[in-house]
Amino acid sequence: MKSYFRRFFSNRDGKIVIVQRPNVPILVWAFLQSLSYLLEKPATAIAQLGATAALLVWTILEIGWGASPFRRVRGGVVLRYLALHTFW
């Protein structure tokens, strides 16, 4: 059980990888999401759409190229949340 847990959070080099430096899609998401709170009505929708698109790109990158199985699963969880939140 201990080795499975370690493998779930480790990259191919055996290093524990839970948190990394933010990549561009996450920074764009954070910027646009923050900006959407400062803008007026029509621009808010555009900023939120851009933020959602950036988060979608991030989830695809995490699922496909995440450094550890944990990061791939986290990308899938966020993608599922996005799908449920956006379309329902």
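Phe-9 counts as buried at 17% relative accessibility, where buried means under 20% relative accessible area, exposed over 50% and partly exposed in between, with a 1.4 Å probe and protein chains only. This is a predicted model, so to speak of ground rules: local features need pLDDT of at least 70, side-chain atom pairs count only at pLDDT 80 or more, and totals for chains, interfaces and linings use all residues. Residues are numbered from 1 along each chain as its sequence is written, and side-chain values use heavy atoms, with hydrogens and water left out.

Phe-5 and Phe-9 sit 4 residues apart in helix 1 (residues 2-9), which puts about one helical turn between them. Helices here are DSSP runs of H or I with at least four residues, numbered from the N terminus.

A search of the whole structure turns up 5 aromatic pairs. Rings of Phe, Tyr and Trp (its six-membered ring) pair if their centres lie within 6.5 Å; planes under 30 degrees apart count as stacked, over 60 as edge-to-face and the rest as tilted. Here are two of the pairs:

| Pair | Centre distance | Plane angle | Type |
|---|---|---|---|
| Phe-5 and Phe-9 | 5.4 Å | 80° | edge-to-face |
| Phe-8 and Phe-9 | 5.1 Å | 85° | edge-to-face |

Ring pairs also tie Tyr-4, Phe-5, Phe-8, Phe-9 and Phe-70 into a cluster.

Now for the helix packing. The axes of helix 2 (residues 24-38) and helix 3 (residues 41-65) come within 8 Å and cross at roughly 160°. Axes are lines fitted to C-alpha atoms over the stretch in contact, with angles from 0 to 180 degrees between N-to-C directions.

Who makes the contact (heavy atoms within 4.5 Å)? From helix 2 the residues include Trp-29 and Leu-32, and from helix 3 they include Ala-51, Leu-55 and Trp-58. The residues of this contact divide into 12 nonpolar, 5 polar and no charged, with Ala, Val, Leu, Ile, Met, Phe, Trp, Tyr, Cys and Pro taken as nonpolar, Asp, Glu, Lys and Arg as charged, and the others, Gly among them, as polar.

Helix 3 also holds Glu-62. Glu-62 is buried, with a relative accessible area of 5%. Leaving aside residues up to four places away in sequence, Glu-62 touches Asn-23, Arg-71, Arg-72 and Gly-75.

Definitions and conventions:
Helices (H or I, at least four residues) and strands (E, at least two) are DSSP runs, numbered from the N terminus. Contact means heavy atoms within 4.5 Å.
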